[in-house]
Amino acid sequence: ALRQEGRTAGRWSPGAGAMGSGRGGYGGADETTPLTEAEDGGVPSSEASNGARRASSSSSRDAHLDNCKFFLMCVVVYNHCIQDFFKFLDPATGRGWCAPDSPSTMAFGGSVDLVCVARGLYLYLNLLGMPAFTAVSGYCSRGWARDVRRGDGAGVNRRFRGAVESLIVPWLIWQPFYVVYNYRTYPVQLWSPIGVTWYLTALFFWRVTLSALAQVNGDAILPALLFVGVGVGFTETPQTSNGLAFLDFQRAVAFLPVFYFGVTSVTPERLDALVKSKTARTIGWFGTAFAALAFAWMIRGASDDSSEEADKNAYLNGASCFDEIQRYLWMTSGYDYGGSPDHPSAAPLAHAAYRVAFYASAFFVTCAFAAIVPAEQRWYTSYGSRTMYAYLLHLLLVRGCALAQDLWVPESAQPPLWGQALINFVVLPLAGSVGLMAPWCERAFRWLVEPAKVFGGMWPWREFWES
């Protein structure tokens, strides 16, 4: 996910770039990941077909794929910014778990519940962000699966080393850093991923499993993994001594079928057909708007009655709890065996059914997203090759801003609700996404984000892996 390697004159060469397939599109973008350029070997694709389609720059990079990565990173950053806004809003208005928002947050004379719309948008971004990232990661790991099926031991060995250097080494850098950075907020174990670092170990786990699962019949593996993804919720979640999830076990396993969907079911031809279809684009726009509005319609809106009886009546009449949906979409824990019959997380079997619905909904919104993302070169296309910088750095900006407000801004000088909304919905998302994917960020932090490209030649295991 962090680097690009190619084969030059029959020999592996770091940073050589993904070799094109003659297609200039999805075939040549084989090992591109949702984080930065290419993962561990731009192996020539056997899926080459006619014509250069939409390569970004003079290389074989795919503009559509880079555009998708750019917007998905914006989704991740925007998600965390909105999440921090709710952390500011809820204490300020006295909102409790599953309680309605205060009517004071309504706009235009109380006729528009803007906070409810914001919560619906936030839940939609949760539904889209990680499933789409994971599917793109799977699509871009097809080269590993292909080497396994061919019995190319040298190729698999090279890719494994690339995964260690591009995922595990950055995790060893950033996980201890975030442990120290977050220690004032809550004591975190080294083996409990912090915010973004879970994806590094999960992607390593997903790619390593290809060495075994890629040999299984493709028609059988996806249904089997969907069963595993649903079934893991019935198991106990391994925890570290402070009660946090060990390597985000539940989430890593739950997203495994999404990863394999990208490996086995997403093909260049299908993506071509999706992008070129006007019908798919129209459905994509309507589907995207519908998904966001559906969440806003589902959750309970603002109300000045937060009594237990009002809560019960609201949920009996079909309203859903925002906090429950959010917790479920994160999938960081197993199914809840406690609670009350009025809460959707109380029944494990019902919760398992919700996970099936999650997979189906995530598939729909991901396809809708891919259909509406521009396929041509745009001003932001090149930014899609630097998403790892925004991924690892944006929490420093977002949480650092919140921490600075808590530590150094007196209560009397705290921004009003509209000012905090401006910070979290405009300023921080732009700075944390576009700003951190800009070329200057790569020049300044490449040694920290992509150490393999800077120090790889000095690492002692290179000689072992190349022998």
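Student: Where is the place of Leu-422?

Tutor: Leu-422 is in helix α15, which covers residues 417–435. Keep in mind that this is a predicted model.

Student: What makes Leu-422 partly exposed?

Tutor: Its relative accessible area is 45%. Buried needs under 20% and exposed needs over 50%, so Leu-422 lands in between and is called partly exposed.

Student: Which residues make the nonpolar surface patch that includes Leu-422?

Tutor: Trp-418, Leu-422, Val-426, Val-427 and Leu-430 make the patch, at about 520 Å².

Student: On to the rings. Why is the pair of Phe-234 and Tyr-335 called edge-to-face?

Tutor: By the ring rule, the count comes to 34 aromatic pairs. For Phe-234 and Tyr-335, the centres are 4.8 Å apart with 90° between the planes. The centres have to lie within 6.5 Å, and planes over 60 degrees apart count as edge-to-face, so this pair passes on both points.

Student: What does that pair tie together?

Tutor: Phe-234 lies in the loop between α6 (218–231) and α7 (249–254), and Tyr-335 in the loop between α12 (322–330) and α13 (348–372), so the pair ties together parts 101 residues apart in sequence.

Student: Is Tyr-335 buried or exposed?

Tutor: Buried: its relative accessibility is 5%, and the cut-off is under 20%. Phe-234, at 35%, is partly exposed.

Student: How do you know that the charged end of Arg-251 sits over a ring?

Tutor: The ring is that of Trp-198, and the charged end of Arg-251 is 4.2 Å from its centre. The distance limit is 6 Å, and there is an angle limit of 35 degrees from the ring normal too. Arg-251 is listed as sitting over the ring. Trp-198 also belongs to a cluster linked by ring pairs, with Phe-133 and Tyr-199 among the other members.

Student: Why is the link between Cys-98 and Cys-321 called a disulfide?

Tutor: Their sulfur atoms are 1.8 Å apart, and the cut-off is within 2.5 Å, so the pair qualifies. The torsion about the S-S bond is about -90°, so the disulfide is left-handed. Cys-98 is in the loop between α1 (63–93) and α2 (114–139), whereas Cys-321 is in the loop between α11 (308–316) and α12, 223 residues apart.

Student: How do you know that Cys-81 is in no disulfide?

Tutor: The nearest cysteine sulfur, that of Cys-401, is 8.9 Å away. A disulfide needs sulfur atoms within 2.5 Å, so Cys-81 is in none. Cys-81 is buried, with a relative accessible area of 0%.

Note on methods: Residues are numbered from 1 along each chain as its sequence is written. This is a predicted model: local features need pLDDT of at least 70, side-chain atom pairs count only at pLDDT 80 or more; totals for chains, interfaces and linings use all residues. Side-chain values use heavy atoms; hydrogens and water are left out. Rings of Phe, Tyr and Trp (its six-membered ring) pair if their centres lie within 6.5 Å; planes under 30 degrees apart count as stacked, over 60 as edge-to-face and the rest as tilted. Helices (H or I, at least four residues) and strands (E, at least two) are DSSP runs, numbered from the N terminus. Buried means under 20% relative accessible area, exposed over 50%, partly exposed in between (1.4 Å probe, protein chains only). Patches are made of residues with over 30% relative accessible area and no salt bridge: like charges are joined within 9 Å, nonpolar side chains (Val, Leu, Ile, Met, Phe, Trp, Tyr) within 5 Å. Accessible areas come from the Shrake-Rupley method with a 1.4 Å probe; for residues, only the protein chains shown count as cover. A salt bridge is a side-chain nitrogen of Lys or Arg within 4 Å of a carboxyl oxygen of Asp or Glu.
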